[in-house]
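Subject: Handover of a structure and its findings

Dear colleague,

I am passing on to you the structure shown below, together with an account of what was found in it. Please keep the structure open while you read, so that each part can be located as it is described.

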Amino acid sequence: MVADGDGRSVFARQPADPDEVEQAWRAVMVCPTRSVGHVSLRRPEQPVFPHDLGDGVYRLGHNARASFGAHSYLIRNAVLGNVMVDSPRWTRDVYEPLADLGGLADILLTHRDDIADADRYAERFGARVWIHREDAGPAPFATDHIAGEEAVSIRDDVVAFPVPGHTKGSVLYLIDGHLLFSGDSLAWSPVNNRLMAFRDACWYSWPAQQRSLSRFAESEYRFDRLFCGHGWSHDAGADEFHRSLVDLCGRMLD
């Protein structure tokens with residue numbers, strides 16, 4: 001599967017080996033509109049989601065139309081309980097594997113757009129739900145509100161860093177000191193090989209988003225793995241990411 005330059009992904013050819021077949025099925029099951037057709041492929045015997053990305057992070061797939069197809073993630077923690085960042089659509093293909101992996105202790109919502117069926121997962125597993133107060137309207141079921149623009153430690157392994165811009169209540173979540181979950185506030189551009197933000201999809205304030213990301217760049221926090229809601233996730237050294245973030249903040253002023 002390749003990007004065609006217009007923000008879409010297309011199959012350049014048919015899958016040729018078992019690994020490519022598995023990747024093709026991930027494309028089928030991540031699509032929020034189920035727009036990927038298949039004629040002769042048999043459903044894989046082993047589920048392709050949750051997809052283990054390493055460091056205890058899993059991509060959940062089954063992206064929801066209600067969240068504009070945003071990715072959601074599970075982060076396993078045997079001591080404090082598992083965390084879900086944003087929500088997929090409600091399906092047994094997600095909640096049964098989640099139960100097998102230990103359920104959910106917390107659901108972290110990055111902003112108002114990517115709530116999807118978080119309420120149903122919270123009810124199923126008795127999870128706490130976190131969202132910024134400024135974006136809490138669409139999530140009346142949330143149990144905990146983040147407020148203001150100061151970073152706050154909401155668990156021993158989770159820092160919430162508010163970044164108003166994409167929405168007024170957007171939040172970055174830094175987990176285990178190096179895993180950054182950015183929602184729609186930050187992504188990686190594989191074309192330009194650098195961090196990017198979505199100016200054409202900024203619903204609150206582009207200048208505010210520039211200031212927010214600048215605050216994050218100037219903070220003590222660093223990350224070496226980026227997991228975003230839309231766009232491309234990426235792994236790099238913490239120093240490389242920091243340089244790219246500083247560069248992005250400068251470009252956002254243009």
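Predicted model: local features only at pLDDT ≥ 70, side-chain atom pairs only at ≥ 80, totals over all residues.

The protein has 254 residues, and buried residues make up 50% of them. Of the contacts between residues at least 6 apart in sequence, 53% join residues at least 24 apart.

A further sheet is open and mixed as well: six strands form it, in the order 10-11-12-13-16-17. Strand 10 and strand 17 (234-235) are its edge strands, and each pairs on one side only. Helix 4 packs on this sheet and touches strand 11, strand 12 and strand 13; the direction of the helix makes about 140° with that of strand 11.

Two strand pairs of this sheet may be followed residue by residue. Strand 10 (residues 152-155) and strand 11 (residues 158-162) run antiparallel and are joined by three bridges. The two strands form a hairpin, with two residues between them. S153 has V159 in strand 11 as its bridge partner. Strand 16 (residues 225-228) is joined to strand 17 by two bridges, and these strands also run antiparallel. Here L226 has H234 in strand 17 as its bridge partner.

Helix 4 deserves a section of its own. What span should its 13 residues have? At 1.5 Å a residue, helix 4 (residues 206-218) should span 18 Å, and its end C-alpha atoms are 18 Å apart, so the two values agree. At the N-terminal end, S205 caps the helix, with a side-chain oxygen 3.0 Å from the backbone nitrogen of A208.

The buried residues of helix 4 are W206, A208, Q209, Q210, S212, L213, S214, F216 and A217. Their cover includes strand 11, strand 12 (171-175), strand 13 (179-183) and helix 5 (238-251).

Is Q209 buried or exposed? Its relative accessibility is 1%, and Q209 therefore counts as buried, the limit being under 20%. A polar atom of the Q209 side chain lies 3.3 Å from the backbone nitrogen of H166. Leaving aside residues up to four places away in sequence, Q209 touches P164, G165, H166, D184, S185, A197, C202 and M252.

C202, one of the residues that Q209 touches, is itself buried, because its relative accessible area of 17% is under 20%. Another cysteine, C249, has a relative accessibility of 4% and therefore also counts as buried. A search of the whole structure for disulfides finds zero.

Finally, two residues have backbone angles to which I would draw your attention. Most residues other than glycine have a negative phi. A116, which is not a glycine, has a positive phi near 45°. A116 is placed in the loop between strand 7 and helix 3 (118-125). N193 is not a glycine either, and its phi is positive at about 60°. The loop that holds N193 lies between strand 14 (187-189) and strand 15 (194-196).

Yours sincerely,

A colleague

Definitions and conventions: Residues numbered from 1 in each chain as written. Heavy atoms only, no water. Pairing = 2+ DSSP bridges. Helix = DSSP H or I, 4+ residues; strand = E, 2+ residues; numbered from the N terminus. Disulfide = S-S within 2.5 Å. Buried < 20%, exposed > 50% of the residue type's maximum accessible area, 1.4 Å probe, protein only. Expected span 1.5 Å × (residues − 1). Contact = heavy atoms within 4.5 Å. Polar contact = N/O pair within 3.5 Å; in protein donor to acceptor, adjacent residues only side chain to side chain. Axes fitted to C-alpha atoms, helices over the stretch in contact; angles between N-to-C directions.
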